[in-house]
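Visitor: I am new to this structure. Could you take me on a close look at its aromatic rings and how they pair up?

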Amino acid sequence: MKRIFAQCVKEIAQFRRDRLTLALAFLLPFITLVIFGFAIRLESKNIPLIVQDFNRTNLSTSYIERLYATNQFIPKQWSGGNPTRDAIDKGIAKVAVIIPPEFSRDIQAGRSTNVQVLIDATDVNNARVIRNSIQRVTNFFMQEHGLLPTTNSITARMRLWFNPGRLESLYIVPGTYGVVLWIFPSLLSAIAMVREKEKGTILQVYASSISATELLLGKGLAYLLIAIAEALLVMVLGSIIFQVGIVGNPITLVIGTLLFLTDSVFFGLLLGVRSSNQNAAVQGVSLVGFITSLLLSGFIYPLNNIPFPLSLLPNIIPARYYIDITRDAFVRGTGFGGVWFDLLMLAALGLVFFNVSRRVLSRMQLSN
């Protein structure tokens with residue numbers, strides 16, 4: 001234990017002397033939290049819409065006003081040859097609505113009428129949102145004017161649990177914690193490990209009596225303490241800036257964070273052991289760590305949308321389990337009953353990273 005703590009103190013002393021590493025540890029996580037928290041929005045808003053009204057009556061005007069009352073569309077004007085087709089072709093509008101000349105006459109006569117809607121489906125998800133929104137507006141407008149029955153035998157009364165206000169920050173910010181706390185602790189520990197090789201000081205370690213386990217535990221303990229400071233920084237700032245507070249049992253968040261940070265540090269040490277220079281270590285963290293934690297962890301895209309066999313890969317990504325823990329702690333609040341499996345997987349993956357690193361480093365050490 002004395003050698004482990006001595007290695008830990010040495011790593012922290014080196015860390016404090018490097019201003020660039022200090023900025024990497026504390027400034028960049030804050031910047032990433034702010035960018036992800038404010039920039040990532042999954043709900044489609046401010047969709048440019050153009051309307052070609054051939055009816056020009058109070059009814060058609062009322063229908064147009066209903067469309068804009070959803071707060072999802074913004075009006076666009078176009079005076080080209082064919083305002084609807086050309087506006088979509090040139091990317092000026094994402095949707096065009098064409099109201100026919102007999103629109104009000106058919107409604108007043110109790111007949112159905114057709115409204116043509118042209119949607120830019122380049123973004124499939126955005127096109128689905130546009131279609132559903134216009135369909136809901138149209139149904140409401142038809143019911144309001146007696147074209148649909150006002151009473152139904154079955155009425156679905158819906159209630160949104162956990163996030164009734166549909167605040168996207170409650171979904172994005174807890175997920176951002178998982179991405180930030182996976183990238184930066186692993187990056188710092190990987191650079192620290194590979195720096196020993198570049199400076200040649202690793203040879204002194206190989207020739208000394210310290211074992212691979214003691215070396216990894218000493219470095220890991222130092223960067224785990226730094227990672228804990230990073231976690232406190234981003235979570236406190238996230239709570240202040242985005243008003244995201246803990247709603248469940250904080251013990252699960254504390255245990256999950258410690259396990260996840262340990263995984264992140266050991267993953268960085270593994271990359272540092274396998275890399276020959278700092279560029280290779282940074283690229284490894286960027287490619288293996290950042291891309292997987294961003295795209296294959298459920299941070300943005302649902303995991304059940306990933307096709308087989310790629311859907312097997314998220315099972316070995318720690319960020320996937322930690323994001324479940326943070327979203328439970330900050331949104332659902334179910335406690336151990338909802339995240340016990342995630343805690344077990346984080347512990348298991350941490351042991352795997354440590355053992356692989358130890359085996360690789362043991363083969364590199366000089367024999368007694």
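Guide: Happy to! A residue is called buried under 20% relative accessible area, exposed over 50%, and partly exposed in between, using a 1.4 Å probe and protein chains only. This is a predicted model, where local features need pLDDT of at least 70, side-chain atom pairs count only at pLDDT 80 or more, and totals for chains, interfaces and linings use all residues. Residues are numbered from 1 along each chain as its sequence is written, and side-chain values use heavy atoms, with hydrogens and water left out.

Let us start with tyrosine 321, which counts as buried because its relative accessibility is 3%. Its ring centre is 6.3 Å from that of phenylalanine 341 and the planes meet at 70°, so this pair is edge-to-face. (Rings of Phe, Tyr and Trp, the last by its six-membered ring, pair if their centres lie within 6.5 Å; planes under 30 degrees apart are stacked, over 60 edge-to-face, and the rest tilted.) Tyrosine 321 belongs to helix α12 (residues 318–332) and phenylalanine 341 to helix α13 (residues 336–364), 20 residues apart. Helices here are DSSP runs of H or I with at least four residues, numbered from the N terminus. Phenylalanine 341, at 44% relative accessibility, counts as partly exposed.

Across the whole structure, a search finds 14 aromatic pairs. Among them is a tilted one between tyrosine 63 and phenylalanine 103, with 5.9 Å from centre to centre and 50° between the planes. Both tyrosine 63 and phenylalanine 103 are buried. Elsewhere, ring pairs join Trp182, Phe260, Phe267, Tyr322 and Phe353 into a cluster.

Note on methods: Helices (H or I, at least four residues) and strands (E, at least two) are DSSP runs, numbered from the N terminus.
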